[in-house]
Amino acid sequence: MTRAQPVVVSVVAVMAAMAWAPAAVAQDPVIAAAGDIACDPADPNFNGGAGIDGYCRQRATSDLLVGASLAAVLPLGDVQYNSASLTNILQVYDPTWGRVKSISRPILGNHESSGTGYFDYFNGTGAADGPAGARGKGYYSFDVGSWHLVALNSNCDRVACSAGSEQEQWLRADLAAHPATCTLAYSHHARYSSGHDGSNTFMQPIWEALDDADAEILLSGHSHDYERFAPLDRNGNLDQAGGIRQFVVGTGGAFFTGGLDSRIANSEVAQNDTFGVLFLTLHASSYDWSFVPEAGKTFTDSGSGSCHGPPPPPPPPPPPAPPADVTAPVISGLRASPQRFSIPPERAAAIKRGTTFRYRLSEASTVRVALSRRSGGRKVGGRCRRPTRANRGRPRCILYRKAGGFIQQGAAGSNARRFGGTIGGRKLSPGTFRASFVATDVAGNRSRRNAVRFTILRAKPRLGSR
């Protein structure tokens with residue numbers, strides 16, 4: 001197995017643990033994380049719980065946690081090999097990492113199987129809920145200082161992770177309800193990994209939900225190695241300003257796996273020959289990381305990053321629509337002046353001699369004017385009908401017949417329309433007429449009909465004409 005080349009300065013592990021920022025603890029919380037922790041008690045390398053170099057080093061990694069003044073410990077799944085029965089957990093995990101059980105907030109790995117022993121150990125025998133989340137679900141969230149932490153169940157064949165699944169919808173709702181400046185998530189399976197089993201595309205909907213919420217960090221295990229990635233966007237592209245930084249920390253002590261001979265894009269640091277724990281100092285708007293190895297080893301990795309801040313709030317809803325206009329326009333003061341006029345043969349004289357319709361409008365409207373000629377009729381069945389031979393014995397009545405019309409754009413207030421007795425170039429013959437005005441506003445409301453009568457007289461013949 002080829003060892004990946006560390007890119008940070010190596011120091012003695014004991015000195016690294018001592019130098020790791022205890023002064024910050026009083027001011028800013030520190031958490032620790034690693035997965036793939038306790039080996040099978042039947043493992044030939046168990047060695048009474050002490051293990052040997054490269055195997056069963058759960059006690060050595062847990063020694064880094066005890067007395068470290070931590071705010072929380074995040075066991076990143078596969079806490080107990082090869083089967084996480086309660087018996088095995090109590091025999092190997094509990095005497096080691098169990099020393100910090102009171103501050104542990106674990107997640108399920110694929111070796112936890114149904115999770116019965118796992119939930120019984122962390123939550124209590126038969127308990128429905130507790131520090132490991134709801135039994136049968138295993139995803140939950142909590143806060144450490146100003147940071148929001150989200151524990152996820154990446155065993156998607158047991159608890160679905162797909163878009164629209166219960167867990168994915170819960171994650172999106174949880175992130176929306178906790179718009180923290182800094183957000184950290186952790187799941188056993190990594191979205192991106194150069195190590196054992198490689199990248200996990202089934203985690204893409206979870207990754208996208210985290211990206212949509214501008215999360216800062218995703219911690220994972222499963223690959224038994226340590227790998228740090230540059231910040232990546234939702235499509236796995238480098239995004240130093242707004243991407244998620246992923247750490248694979250499968251170095252809890254069980255054993256190592258291969259796969260680092262060829263590393264995928266944007267992998268910055270990787271190694272699979274040193275067990276250890278990742279410590280994170282959670283500042284109000286930034287974080288520091290430090291990988292501390294087990295005693296006697298020298299690989300370390302450290303650095304800092306800034307938080308993105310909470311995602312921007314959604315745009316405000318559009319202003320409410322104005323209340324519907326249901327008020328009809330009103331026509332008032334309608335009159336024709338003069339009410340009687342004649343139409344001489346010359347058109348210019350007709351316009352001069354015509355009449356002017358004057359009226360007032362309550363609001364700007366389109367005004368339709370219908371002209372009808374008065375004539376005689378006969379009342380039949382309660383209505384005035386045109387006279388015919390059949391109804392000539394019926395009572396007389398007044399009947400108006402359509403003669404034409406015009407449209408005018410009326411303004412609010414006073415309006416006037418000159419009318420010379422001509423419609424569409426056609427002179428109206430003498431008689432009595434009714435002009436019916438109806439106004440319609442921009443909302444489609446129509447006024448009540450107003451009418452005015454006028455009379456066109458027969459023009460007097462000029463002197464000297466036959």
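View 1. A search of the whole structure finds 13 salt bridges, a salt bridge being a side-chain nitrogen of Lys or Arg within 4 Å of a carboxyl oxygen of Asp or Glu. This is a predicted model, in which local features need pLDDT of at least 70 and side-chain atom pairs count only at pLDDT 80 or more, whereas totals for chains, interfaces and linings use all residues. Residues are numbered from 1 along each chain as its sequence is written, and side-chain values use heavy atoms, with hydrogens and water left out. Because R172 lies in helix 5 (residues 166–177) and D212 in helix 6 (residues 204–212), the pair ties together parts that are 40 residues apart in sequence; helices (H or I, at least four residues) and strands (E, at least two) are DSSP runs, numbered from the N terminus. R172 is partly exposed, with a relative accessible area of 31%, and D212 is partly exposed as well, at 36%, where buried means under 20% relative accessible area, exposed over 50% and partly exposed in between (1.4 Å probe, protein chains only).

View 2. R228 forms a salt bridge with E268, and the closest N and O atoms are 2.4 Å apart. This pair links distant parts of the chain, with R228 in strand 7 (residues 226–229) and E268 in strand 9 (residues 267–271), 40 residues apart. R228 is buried, with a relative accessible area of 8%, whereas E268 counts as partly exposed at 28% relative accessibility. The side chains of R228 and D301 also meet in a salt bridge (2.8 Å, N to O); since D301 lies in strand 12 (residues 301–306) and R228 in strand 7, the pair ties together parts that are 73 residues apart in sequence. Both R228 and D301 are buried. Elsewhere, salt bridges that share partners join E168, R172, E208, D211, D212 and R234 into one network.

View 3. Strand 7 pairs with strand 8 (residues 245–249) in the antiparallel sense over three bridges, two strands being paired if DSSP finds at least two bridges between them. The bridge partner of R228 in strand 8 is F247. With strand 9, strand 7 pairs in the antiparallel sense over four bridges, and F229 stands opposite S267 in strand 9.

**View 4. The contact of helix 5 with helix 6.** The axes of helix 5 and helix 6 come within 10 Å and cross at roughly 10°, where axes are lines fitted to C-alpha atoms, for helices over the stretch in contact, and angles run from 0 to 180 degrees between N-to-C directions. Helix 5 and helix 6 are therefore roughly parallel to each other, a term for angles under 35 degrees. E168, L171, R172 and L175 in helix 5 meet P205, I206, E208, A209, L210 and D212 in helix 6, contact meaning heavy atoms within 4.5 Å.

View 5. The strands follow the order 13-15-19, with antiparallel pairing. Strand 13 (331–337) and strand 19 (413–419) are the edge strands, each pairing on one side only.

Methods:
Parallel < 35°, antiparallel > 145°, perpendicular 65-115°, else oblique.
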